Amino acid sequence: MLRFIHAADLHLGNSGPSTTGFSSHWSELIYQASYTAFQNLVRKAIELNVDFLLLSGDVLDTLNPTLNSQLELINGLKELSKAGIKVFMVGGNHDPLSLKKAQSSLPEGVHFFGAQAETISYVKGGLTLAEITGISFPVAKVSDDLSRLLKPGTKGFQIALLHSNVEGAGKKENYAPSNLDYLTKSGFDYWALGHVHTNAVLSEKPHVVYSGTTQGQHVNETGKKGFYLVEVDKDKVDLEFITTSAYIWERLEVKAPESLNELIEILESLDSSGSKIPRVYRLKIAGRTPLYNELLSQVGDLEERYKEKKSYALESIELDILPDIDFEEVKLEDSLPGEFLREAEKLIAAGKSEEFEGQVAPLYDRLGGILDDLDEEEIESIVNGSIALGLDLFWRGETK
Ligand SMILES: [Mn+2]
């Protein structure tokens, strides 16, 4: 039986989001997260006593990696080497071969693939259990399909190790693009890929797999991050996802509160996930609420008050709220707010029409292409926000 770990995109040295307003406990936890996740990976590899570890690129975070990030990497590799666990690694767009690293020889048992494809055997008890074929990014921007340069060997389980953007796998930076259909027909048993930060099994038999990053870096990298433990027994290939995250990003969306009690409930629930791994939340409060004015003007106070506990930290509160007004009734009124609502509704119904574009033209002058990237849902949210603001201006002074 063959057991190995597939991990990628460690981004060692990435310091995560801004920690302004956080305690030293949380600042430290966030700042060190890429290292903690790597230490978790190393510890688990040793506990699981795997045959080898595959690292599919973006192991270091920047083109000028800090000494600290390089020391962390070398320390982890040394521990694995001491435990007799082999490591196979390739460079990606964040850590190509051209990277300005401090001169250092890699510990015994670590193989770093070069700019030419090569195949290395994994031999145990005189048997070749696997062959690993890999190639590194020579420079940060690679537009060629490197997968075409990898050819499988002849003995044992055939693994391809590559940092690559499989077409349509959901990343904008199209480095070293490859084609899923080609990968599945290439003769390899397992494509150990890096680049996309969300774990995904794109194909089984043969396997084409993204292990994802070991630590979410920002609010768009939510959920548990980690690696795949792969067990190969004759024709059977089993994958188990194991978490390494030092903390987990979560986006929470809740219905806007009807009362102060409900608001307290929402904010206190942040501390009750019951998970052992701490969370960093972006909380979105959406909908109609009688606390509309208070929330809009005092959201900063709430963020501060509920900033953190041991189990969580609150990155920010996002408001997508409307005043608690019966729009249907107002719409029927022969009044200025009624007229305003009727016009707004017409505009929404017309969608991305000429009139809509005319109305938002001044925004284009200021924001340029950003508006073109908005999807329907985001546009609706912006229009709703404008309606709320408009109505708020009508009512302000009357109800206060
Ligand atoms: Mn990456």
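**Core**

I looked up the largest nonpolar core and found 77 residues in it. A nonpolar core here is a set of buried Ala, Val, Leu, Ile, Met, Phe, Trp, Tyr and Cys residues joined through C-beta atoms within 7 Å. Buried means that 20 or more other C-beta atoms lie within 10 Å of the residue's own; 12 or fewer means exposed, anything in between partly exposed, and C-beta atoms are placed from the backbone. Leu53, Leu54, Val87, Leu161 and Trp191 have the most contacts inside this core. Helix H2 (residues 33-48) gives the largest share of the core, seven residues. Helices (H or I, at least four residues) and strands (E, at least two) are DSSP runs, numbered from the N terminus.

I then listed the contacts of Leu53, leaving out residues up to four places away in sequence: Phe4, Ile5, Ala7, Ala45, Leu80, Ile85 and Val87. Contact means C-beta atoms, placed from the backbone, within 7 Å.

**Ground rules**

This is a predicted model: local features need pLDDT of at least 70, side-chain atom pairs count only at pLDDT 80 or more, and totals for chains, interfaces and linings use all residues. Residues are numbered from 1 along each chain as its sequence is written.

**Whole chain**

I noted ten helices and 17 strands. The C-alpha trace spans about 90 × 45 × 40 Å along its principal axes. Of the 400 residues, 33% count as buried. Among contacts between residues at least 6 apart in sequence, 69% join residues at least 24 apart.

**Six-stranded sheet**

I traced an open sheet in the order E4-E3-E2-E1-E13-E14, with mixed pairing. Two strands pair if DSSP finds at least two bridges between them. E4 (110-112) and E14 (236-243) stand at the edges; each has a single partner strand, so one side of each lacks a neighbour in the sheet. Neighbouring strands are turned by 20 degrees against each other on average, direction ignored. Axes are lines fitted to C-alpha atoms, for helices over the stretch in contact, and angles run from 0 to 180 degrees between N-to-C directions.

E13 (residues 226-233) and E14 run antiparallel and are joined by eight bridges. Tyr228 stands opposite Phe241 in E14. I also checked Lys236, which lies in E14. Lys236 counts as exposed, with 8 C-beta neighbours inside 10 Å. From Lys236 to Leu314 I get 43 Å, C-alpha to C-alpha, at 78 residues apart in sequence.

**Hairpin E11-E12**

E11 (residues 200-203) pairs with E12 (residues 207-210) in the antiparallel sense, over three bridges. Val201 stands opposite Val209 in E12. Three residues separate the strands, and Lys205 takes a positive phi near 50 degrees. Pro206 lies in this loop too. The peptide bond from Lys205 to Pro206 is cis, with omega near -5 degrees. Most residues other than glycine have a negative phi, and most peptide bonds are trans.

**Other positive phi values**

Asp9 is not a glycine, yet has a positive phi of about 50 degrees. Asp9 lies in the loop between strand E1 (2-7) and helix H1 (24-31). Its 29 C-beta neighbours inside 10 Å make Asp9 buried.

His195 has phi near 125 degrees, again positive in a residue other than glycine. His195 sits in the loop between strand E10 (190-194) and E11. His195 is buried, with 28 other C-beta atoms within 10 Å.

H9 (residues 354-367) has 14 residues and reaches 18 Å from first to last C-alpha, close to the 20 Å expected at 1.5 Å a residue. The expected span is 1.5 Å times one less than the number of residues. H9 bends by about 55 degrees at Val360, and Pro362 follows within four residues. A bend is the angle between axes fitted to the seven residues ending at a residue and the seven starting there. The count of buried residues in H9 is zero.

H6 (residues 292-305) has its end C-alpha atoms 19 Å apart, which agrees with the 20 Å that its 14 residues should span. H6 bends by about 70 degrees at Gln298.

Gly338 is in H8 (residues 336-350). Gly338 is partly exposed, with 16 other C-beta atoms within 10 Å. Neighbours within four places aside, Gly338 is in contact with Val330, Lys331, Leu332 and Glu333. Gly338 and Asp58 are 56 Å apart, C-alpha to C-alpha, and 280 residues apart in sequence.

How values were computed. Contact = placed C-beta atoms within 7 Å.
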